[in-house]
Each structure stands twice: as structure tokens, then as C-alpha cells.
Amino acid sequence: MNNTLRRTLDIVMFFVTFFLIQYLAYLGVHLVSGWLGGSANEVSNAATAGANGLSGKQLVVSSAIASVLTIAIFLRSKWAPISRNWLSTHPWTVLVWVVFLALGTILPSQWIDDQMQISMPERTIKLFEDIMGIPSGYLALGILAPIAEELVFRGAILRTLLKLFDNRMHWIPIICSALIFGAAHGNLPQFIHATLIGLLIGWMYYRTDSVIPGIVLHWVNNTVAYIMFNLMPHMADGKLIDLFHGSDRMMWLGIGFSLCILIPSLLQLNIRLKQK
């Protein structure tokens with residue numbers, strides 16, 4: 001088997017394994033809940049129910065279990081090898097700029113979503129409401145999910161894709177991995193946002209050979225989403241302009257301010273991240 005085919009199959013395996021872990025975690029929690037509740041019907045229907053019918057706490061538990069298993073399996077199998085080389089350079093200023101970059105992407109990304117005029121599916125909104133509506137939801141979505149997803153989509157998938165292309169064509173695997181990351185979210189609004197974020201994280205991974213910058217950006221993105229949901233739950237399915245009480249002027253000022261954070265952050269990271 002040639003290297004190209006083997007690495008392509010590895011990428012497929014990483015993707016399938018990630019989703020299989022998610023499904024088995026949901027299934028396991030559903031089975032245990034049905035067994036503890038003494039409902040034979042729940043147990044028999046669990047295999048096809050997936051996340052449907054789980055309470056917020058059960059969704060948090062299943063998501064946390066899936067993330068922990070993903071982290072353990074991908075590290076144990078060395079599918080996403082971890083090195084301290086980049087951290088040994090003490091890149092604390094770089095990570096501060098990564099935080100600013102993450103903050104600067106939020107409003108422009110939401111504006112792009114609004115222009116597509118596509119609403120997030122009701123089922124997805126309900127799923128987020130159930131998880132983010134409880135404090136422990138932050139552990140699952142804000143901390144564990146960014147680590148697990150970065151190990152899979154950058155540490156495993158992008159790392160393997162980069163081996164398939166010449167270094168001068170590094171944007172091809174970065175774009176491919178970003179599209180895969182977006183598609184994994186399963187709906188168009190999240191696909192757009194996740195793809196854009198995936199491009200930035202993929203670029204940082206290429207520059208550093210480390211998942212740490214991506215984990216930080218991913219963590220900030222999910223943390224802001226969690227905070228915004230709990231401060232303004234009515235914005236879960238709203239438009240960006242609703243955040244500014246219907247004022248176009250205030251919305252554009254907000255986007256402009258975000259760009260004043262995003263653009264300098266990109267320029268600083270371009271300077272500070274090592275060039276291959």
C-alpha cells in the first residue's frame with residue numbers, strides 16, 4: 001500500500017473513530033439512564049435514539065465522556081502526538097494575541113452567518129440550550145470539547161494531510177481540514193463559522209506544529225458562546241443586529257471594533273509564529 005493511500009485511509013479512520021466515540025457515548029448514557037429508570041422501552045430504543053430524549057445533564061455527561069475517550073484514544077494511539085517543544089519557547093505573548101484573534105472573529109463571523117440567511121436547525125438550538133443552560137455544560141463544551149476536537153482535526157487529520165502535500169502547497173491541507181471540521185458540525189450555519197475558525201487554527205498549527213494555539217482559540221470561542229448564551233439566551237437563534245437593539249450604526253461600529261482587534265492580531269501572529 002503506497003503512502004498516499006495509507007494516509008488517506010488514516011484520515012478516514014480518524015474521522016469515523018471520532019464520530020463513533022460520540023455515538024457510543026450517547027448510546028451508553030441512554031442505556032444506563034433507561035436501565036436505572038427501569039424502562040425496557042428506553043433500553044430497546046436507545047440504539048436508534050442517539051442524543052434524542054436525553055436531559056441537559058445527560059447530554060453533558062455523554063459529551064464529557066466522549067471528549068475524555070477521544071483524548072485518551074488519540075493520545076494513547078499516538079494519532080495526535082503531543083510535544084512540549086513549542087511550549088518550551090515560552091510563547092505567552094503569542095497566546096495573548098491568539099485570545100485577541102479569537103475575540104476579533106466573533107462579530108464578523110456572526111455577520112457572515114446572517115448574510116447567508118440560514119437559521120440553525122431547531123434540534124441543534126435545543127441541544128445547545130440543554131447543555132449550556134447548566135453550569136456543568138461549560139466543562140463539556142468550553143474545556144473538554146476544544147481539547148478533543150483539536151487533537152482530532154488538527155493533531156491527527158491536518159498533521160496527516162500536511163504529509164500528503166509539498167510544503168509550498170500547505171494551504172491545500174489547511175483548507176481541506178477546515179472544511180472537514182466545518183462539515184463535522186452537521187449544519188450550514190455552524191459549517192460556515194467552524195470552517196473560518198478552522199482556517200485560522202490550521203494556519204497556526206502549520207506554523208507551530210502544536211495544537212496549543214488552536215486549543216486556546218477554540219476555548220475562547222466556546223467560552224464566549226457559553227457566556228453570551230447565559231447572559232442573553234434570546235440571542236441563541238437571533239441575528240447580530242439584535243445584539244445592538246436593531247441599530248445598524250451600532251452594529252457596524254461593533255464589527256469595525258472587532259476588525260481593529262482581528263487584523264492587528266493576525267499581523268502580530270504572522271510575525272511571532274515561526275515561518276516554515
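Contact here means heavy atoms within 4.5 Å. The model is predicted: local features need pLDDT of at least 70, side-chain atom pairs count only at pLDDT 80 or more, and totals for chains, interfaces and linings use all residues. Residues are numbered from 1 along each chain as its sequence is written, and side-chain values use heavy atoms, with hydrogens and water left out.

**Stop 1: F74 and the cores**

Select F74. Leaving aside neighbours within four places in sequence, F74 is in contact with F14, T17, W79, A80, L151, V152 and A156.

Next, select F14, F74, V152, F153 and I157. These are the residues with the most contacts inside the largest nonpolar core, which has 24 residues. A nonpolar core is a set of buried Ala, Val, Leu, Ile, Met, Phe, Trp, Tyr and Cys residues joined through side-chain atoms within 4.5 Å. Buried means under 20% relative accessible area, exposed means over 50%, and partly exposed lies in between (1.4 Å probe, protein chains only).

Now colour by element. Helices (H or I, at least four residues) and strands (E, at least two) are DSSP runs, numbered from the N terminus. Two or more residues of this core come from each of α1, α3 (56-76), α6 (137-162), α7 (171-183) and α8 (188-208). The most come from α6, which gives 9 residues.

Another core, of 18 residues, lies apart from this one; W86, L101, A102 and L200 are among its members. In soluble globular proteins, nonpolar side chains tend to be buried together.

**Stop 2: the surface of α1**

Select V12, V16, L20, Y23 and L24. Together they form a nonpolar patch on the surface, with about 440 Å² of accessible area. Such patches are made of residues with over 30% relative accessible area and no salt bridge; like charges are joined within 9 Å, and nonpolar side chains (Val, Leu, Ile, Met, Phe, Trp, Tyr) within 5 Å. The areas come from the Shrake-Rupley method with a 1.4 Å probe, and for residues only the protein chains shown count as cover.

Centre on L20, which lies in helix α1 (residues 3-37). L20 counts as partly exposed because its relative accessibility is 46%.

**Stop 3: the salt bridges**

How many salt bridges does a search of the whole structure find? The search finds 3. A salt bridge is a side-chain nitrogen of Lys or Arg within 4 Å of a carboxyl oxygen of Asp or Glu.

- Stay on α1 and select R6 and D10. Their closest N and O atoms are 3.9 Å apart. Both residues lie in helix α1, 4 residues apart, about one turn of the helix. R6 is partly exposed at 35% relative accessible area, and D10 is also partly exposed, at 22%.
- Go to α6 and select R154 and E150. In this salt bridge the closest N and O atoms are 2.7 Å apart. The two residues are 4 apart in α6, about one turn of the helix. R154 is buried, with a relative accessible area of 0%; E150 is buried as well, at 0% relative accessibility.
- Select R168 and D166. Here the closest N and O atoms are 3.0 Å apart. R168 is exposed at 75% relative accessible area, whereas D166 is partly exposed at 39%.

**Stop 4: two loops**

Select H90, in the loop between α3 and α4. Its phi is near 55°, a positive value in a residue other than glycine. H90 is exposed, with 56% relative accessibility.

Then select D209, in the loop between α8 and α9. D209 is not a glycine either, yet has a positive phi of about 55°. Its relative accessible area is 43%, so D209 is partly exposed.

**Stop 5: T223 in α9**

Continue to T223, in helix α9 (residues 212-231). Is T223 buried or exposed? T223 is buried, because its relative accessible area is 13%. Show Y138 and G142: leaving aside neighbours within four places in sequence, these are the residues in contact with T223.

**Stop 6: helix α11**

Finish on α11 (residues 248-272). This helix has 25 residues and reaches 36 Å from its first C-alpha to its last, close to the 36 Å expected at 1.5 Å a residue. The expected span is 1.5 Å times one less than the number of residues.

Within α11, select M251, G254, I255, S258, L262, S265 and L269, which are buried.
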